[in-house]
Amino acid sequence: MAGSSIMETLFQRTLDDIIKGLRLQLIGESAFISKAMEEIRREIKSTDPHTKSTALQKLTYFNSVHGLDMSWAAFHVVEVIGSSRFAHKKIGYLAASQSFHDGTDVMLLITNQLRKDLTSTNEFEVSLALECLSRIATLDLARDLTPEIFTLLSSSKNLVRKKAIGVILRVFGVYPDAVRVCFKRLVENLESPDPQMVSATVGVFCELASKDPGSYLPLAPEFYKILVDSKNNWILIKVMKIFAKLVQLEPRLAKRVVEPICEHMARTGAKSLMFECVRTIVTSLAEYESAVKHAVVKIRELLIDDDPNLKYLGLQALSIVASKHLWAVLENKEVVIKSLSDADPNIKLESLRLVMAMVSDSNVSEISRVLVNYALKSDPEFCNEILGSILSTCGRNFYEKIIDFDWYVSLLGEMSRIPHCQKGEEVENQFIDIGMRVKDVRPELVRVARDLLIDPALLGNPFLNRILSAAAWVSGEYVEFSKNPFELMEALLQPRTSLLPPSIRAVYIHSAFKVLIFCLHSYFFQRKTIASSSLSSNDLAQGVSDSVSVRESPKGSGSATCEAPANELDGGFNPRIPSQLSKDIPTGNGDEMIVTHGQTSSFASLEKNSFTEDSISNLLNLIEMALGPLSVSHEIELQERARNILGFIELIKQEIPGSLDQGEGNFEREQLKASEVINVMRDAFSKELGPVSISAQERVPVPDGLMLNENLCDLEKICGDVQLPSTSSFSLGTPHSKEKIGVSLLNLQSKEESEPSTESTSLLAEHRKRHGLYYLSSEKNEISSTDYPPANEMKLQDDLHDDAEDLVKLTEQSLVPKKKPNHAKPRPVVVRLDEGDEVSIVAKKPDSKDDLLSGAVRDVLFGNEAIPTSSQRNPSDKSSSKRKGKEKVNIDLPSELKENLGDEEKPDLGNPSSRRSKHRTHGKERRHRSPGKNDEEREENVQKEKQKSSHRHGRHKARQRADGPLNVVAQAAVIPDFLL
Amino acid sequence: MGIRFILMVNKQGQTRLAQYYEYLTLEERRALEGEIVRKCLARNEQQCSFVEHRNYKIVYRRYASLFFLVGVDNDENELAILEFIHLLVETMDRHFGNVCELDIMFHLEKAHFMLEEMVMNGCIVETSKSNILSPIQLMDKTS
């Protein structure tokens with residue numbers, strides 16, 4: 001055996017050989033690696049430590065660079081760590097820290113080896129063990145090795161002590177009880193004269209404080225000293241990060257640190273430190289105007305720098321400021337807007353965010369206009385970023401920035417026509433939302449929807465499907481505002497709608513149904529009024545017929561402008577003219593719809609609407625032609641809807657023919673039945689839809705005896721059965737298109753599938769029943785090839801820079817002190833539900849481990865060492881410890897301030913307490929007594945030490961002290977500075 | 001944890017060194033490296049050195065054919081990390097003498113060792129070049 005081992009050693013390939021071989025690539029990489037792995041598997045079992053460790057070294061290399069698994073070698077790693085030679089041990093520890101994790105089962109085997117190495121006299125062995133421990137420590141390891149680490153924290157060797165500090169973070173993380181043992185020594189290192197130690201310790205505290213800043217408030221004096229005294233930028237940056245967290249909890253701290261931070265900002269030449277100062281000020285000290293002003297000056301320096309890194313960070317800082325100090329953004333608007341055309345997409349995004357922050361109700365339309373022009377020229381990705389941010393900014397908080405909704409709706413229409421637009425879903429939602437919430441904008445909404453529907457080129461773009469669906473719904477729901485329902489019907493039934501996915505076609509058909517009902521109803525209503533007017537008021541009819549001659553000429557021009565279906569109106573036009581006019585007269589008994597109709601539409605458009613026999617029968621024929629083939633469609637939704645509407649036409653036709661041919665005498669009687677049916681349908685559609693509050697579902701009381709949470713698993717089974725066929729039915733007709741569905745679509749579908757379970761309340765159900773069509777899940781997977789030209793060609797636009805200048809000018813306007821612009825028309829009412837439209841965010845609770853850790857830290861800092869965990873402390877203890885913690889902040893801070901700022905007295909506006917001032921003078925006396933700064937520091941430290949180390953006794957005393965003045969100072973709980 | 005991982009990647013996207021300060025499975029590492037490298041290598045010199053990726057911020061810098069990528073928490077100071085990268089490169093330069101990709105390939109262990117001297121648990125603990133290098137030089141002498 002010995003012989004073979006020597007042979008192995010002699011002929012073993014080293015790591016260098018392997019790397020060289022890999023580079024030569026004589027046999028291909030994967031073949032080479034698998035051959036090498038074979039060797040490694042053999043060699044690693046060798047009894048010779050050198051062979052074994054070399055094999056492990058090679059394995060570690062493959063693991064870290066080529067990502068090969070090495071968990072199978074865990075036991076060999078342990079063996080190599082146990083080697084007596086340092087070179088082997090080194091390889092073993094590297095392998096362990098690369099590959100071990102919480103689930104590694106041989107972890108327990110290395111505890112003793114680690115302990116041996118931690119207590120070794122060779123500092124390099126100790127540091128190896130510490131390095132490894134910092135990566136792999138588990139609860140068991142940390143618990144067993146805490147005493148060793150505690151010893152090392154005050155080691156005389158810098159190399160070791162530094163690493164012991166570094167390992168503490170991991171140990172505290174996995175084993176919070178270690179805090180009780182090690183915390184004091186850690187704090188001592190914070191005050192070490194050696195900057196190396198301070199740097200390492202501050203790093204640890206920065207990480208600890210980022211998770212739970214509250215527990216470290218008592219250490220504020222120590223941090224403050226470092227902030228003022230340290231010359232090391234790394235340390236300063238970390239300390240500032242700690243303070244950024246602390247001042248949010250203790251506003252009085254902010255007053256103290258704002259000055260030194262500003263000083264650092266003004267003095268330092270290092271950009272990193274300067275940026276950290278800026279960021280600390282804008283995030284945590286935003287109330288200090290002068291500090292923010294200085295910070296903004298620095299931000300400006302960053303923004304105009306050529307370095308894209310600085311520019312990016314400047315923009316980022318600016319967006320933090322924006323929420324509280326918008327003036328800072330406006331001051332720098334030229335730079336921000338120029339950055340919109342930067343070469344770097346990240347910078348473009350940041351500047352877009354800032355531009356959107358500048359939007360106010362007075363400049364929203366101009367900014368949007370320019371941004372849309374940018375979008376037309378940008379790459380698809382950024383174009384959609386722009387569109388998305390316009391949509392979200394304008395839609396925020398119930399469109400609070402929008403005053404002119406007519407403008408906004410037409411902007412939405414325009415955005416839909418941008419070639420790269422992929423924001424169909426958002427536009428769809430806003431179209432419908434605005435339609436429901438803002439009554440006054442409906443006529444314009446219908447006009448925009450009509451323009452979208454009528455354009456055959458738009459039908460081929462799958463990204464627009466959702467928008468078209470919204471347009472169809474809007475024009476069906478608010479058809480009374482349409483200027484020409486016949487034209488609308490043509491658009492809804494045009495042949496190219498076959499390009500749409502079935503779910504959206506279904507919306508089209510349903511809207512066509514609504515339009516049909518509207519036309520029929522208007523037609524019968526007209527006739528009824530004619531009949532009544534001719535019967536009851538002959539005088540009136542006389543007057544009307546007089547005016548017919550007057551109206552003769554506009555009629556001609558009106559029909560000339562009519563679209564295809566209207567051309568045929570001419571024939572039936574003349575006899576019905578009086579009805580047109582009389583429509584406006586009997587407003588008193590007319591139904592509401594007609595009234596609004598008369599008010600909103602112009603006279604000329606009324607003429608186009610003339611509902612004559614011919615036009616109605618043309619309409620019916622058109623529908624029958626278009627929907628006839630669909631009544632045998634494979635798509636259930638389409639088939640059913642088409643049949644509904646065809647069946648209805650059948651019904652009406654039976655009633656109408658007589659009336660169409662015969663004179664006016666018997667018209668009334670025969671029509672009665674038909675108009676009754678139509679009235680019923682009309683009523684069904686005319687009830688207005690309103691927005692539904694997000695919390696509406698919650699407000700529905702749960703009926704007695706209904707157990708909502710019971711047997712939900714059963715329900716899932718049932719629902720799974722039910723939903724499977726329904727979703728597949730949408731794609732029945734187009735199985736080929738399934739392949740084109742991207743991942744995002746799958747997500748979409750799954751989202752939609754989960755929806756029904758949440759909409760189980762009666763309120764929603766009712767809503768759905770009536771307008772079920774709109775709730776259909778819509779699919780985008782119908783991507784049909786089309787030979788139509790693209791919806792709109794890229795228009796030639798003026799240069800980008802012109803746009804930039806435009807925008808600069810515009811935002812300039814918003815710099816002018818805000819006054820409500822005098823709009824021609826007042827902002828229409830936006831329906832909003834008082835409560836519940838906002839989603840309440842549940843505050844995330846810190847997980848239990850952090851809780852344990854912070855509990856332990858508090859215990860140590862506040863002296864409650866007798867009690868093991870925070871959860872077991874009783875309330876009174878907690879409050880007293882908290883009070884004590886705050887006391888300490890206040891004890892030390894003022895005295896330090898005096899140390900550092902000389903005799904300058906700072907008026908403490910926050911706490912005008914007489915006790916405080918008395919103690920302050922006392923502190924001053926003390927300072928005069930012992931002018932040596934170091935002496936006093938030491939004295940203070942001793943005091944602190946006493947406080948911390950005297951366990952039960954100290955706590956008892958402190959509590960006594962705390963209880964005493966509590967009675968004297970009323971708001972002691974809020975401002976507990978009685979110990980000063 | 002400030003620093004989550006440190007990667008060194010060459011122009012072809014091959015990983016030359018990978019150091020993670022939190023445990024990720026091999027598959028997760030591979031996926032993460034793939035995505036990040038694709039994102040960062042596609043950027044040019046005129047673009048900034050910061051990329052947001054998932055919940056990380058990536059700070060990267062290119063030296064000759066080698067990219068140094070550092071994944072950090074969101075509130076980490078980007079410029080300080082850039083300085084850290086530079087410090088790392090300078091330290092390697094001092095040790096290897098004009099460091100190149102091959103040096104790191106053939107002395108991966110040493111590179112890891114330097115990193116371990118500089119960073120523990122994601123915290124930067126040492127920023128002095130001579131302090132970082134002294135143990136390595138001692139070891140070189142003894143072995």
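How many helices and how many strands are there in chain A? I looked this up before anything else, keeping in mind that the model is predicted. Chain A has 47 helices and 0 strands.

**Chain A overall**

I then looked up burial in chain A. Of its 980 residues, 53% count as buried.

**Aromatic pairs**

I counted aromatic pairs next, and the total over all chains is 17. One of them is F172(A) with F183(A), which I note as stacked, with 6.4 Å centre to centre and 25 degrees between the planes. The angle is under the 30 degrees set for stacking, so the pair takes that label. F172(A) sits in helix 10 (residues 158-174) of chain A and F183(A) in helix 11 (residues 178-190), 11 residues apart. I find both F172(A) and F183(A) buried.

F183(A) also pairs with F205(A), here edge-to-face, at 5.8 Å centre to centre and 90 degrees between the planes. This pair joins helix 11 of chain A to helix 12 (residues 195-211), where F205(A) lies, 22 residues from F183(A). Both F183(A) and F205(A) are buried.

**Interface of chain B and chain A**

I turned to the contact between the chains. Chain A gives 59 residues to the contact and chain B gives 50. About 4900 Å² is buried between the two chains, and 54% of this area is on carbon and sulfur atoms.

Which salt bridge does K162(A) form? Its partner is E126(B), with the closest N and O atoms 2.7 Å apart. Across the interface of chain B and chain A I count 6 salt bridges. For polar contacts between chain B and chain A, the count is 23 residue pairs, both residues at pLDDT 80 or more.

I listed the elements of chain B that each supply at least two residues to the side touching chain A. The helices are helix 1 (26-41), helix 2 (78-96), helix 3 (101-106), helix 4 (108-118) and helix 5 (129-142). The strands are strand 2 (15-20), strand 3 (50-53) and strand 7 (123-124). By class, I note 25 nonpolar, 11 polar and 14 charged residues on the side of chain B that touches chain A.

How values were computed: Residues are numbered from 1 along each chain as its sequence is written. Chains are lettered from A and ligands numbered from 1 in the order in which they are written. This is a predicted model: local features need pLDDT of at least 70, side-chain atom pairs count only at pLDDT 80 or more; totals for chains, interfaces and linings use all residues. Side-chain values use heavy atoms; hydrogens and water are left out. Contact means heavy atoms within 4.5 Å. Buried area is the accessible area (1.4 Å probe) that two parts lose on being put together, summed over both. A salt bridge is a side-chain nitrogen of Lys or Arg within 4 Å of a carboxyl oxygen of Asp or Glu. A polar contact is a pair of N or O atoms within 3.5 Å; within protein, one must be able to donate a hydrogen and the other to accept it, and residues adjacent in sequence count only if both atoms are side-chain atoms. Helices (H or I, at least four residues) and strands (E, at least two) are DSSP runs, numbered from the N terminus. Ala, Val, Leu, Ile, Met, Phe, Trp, Tyr, Cys and Pro count as nonpolar, Asp, Glu, Lys and Arg as charged, and the others, Gly among them, as polar. Rings of Phe, Tyr and Trp (its six-membered ring) pair if their centres lie within 6.5 Å; planes under 30 degrees apart count as stacked, over 60 as edge-to-face and the rest as tilted. Buried means under 20% relative accessible area, exposed over 50%, partly exposed in between (1.4 Å probe, protein chains only).
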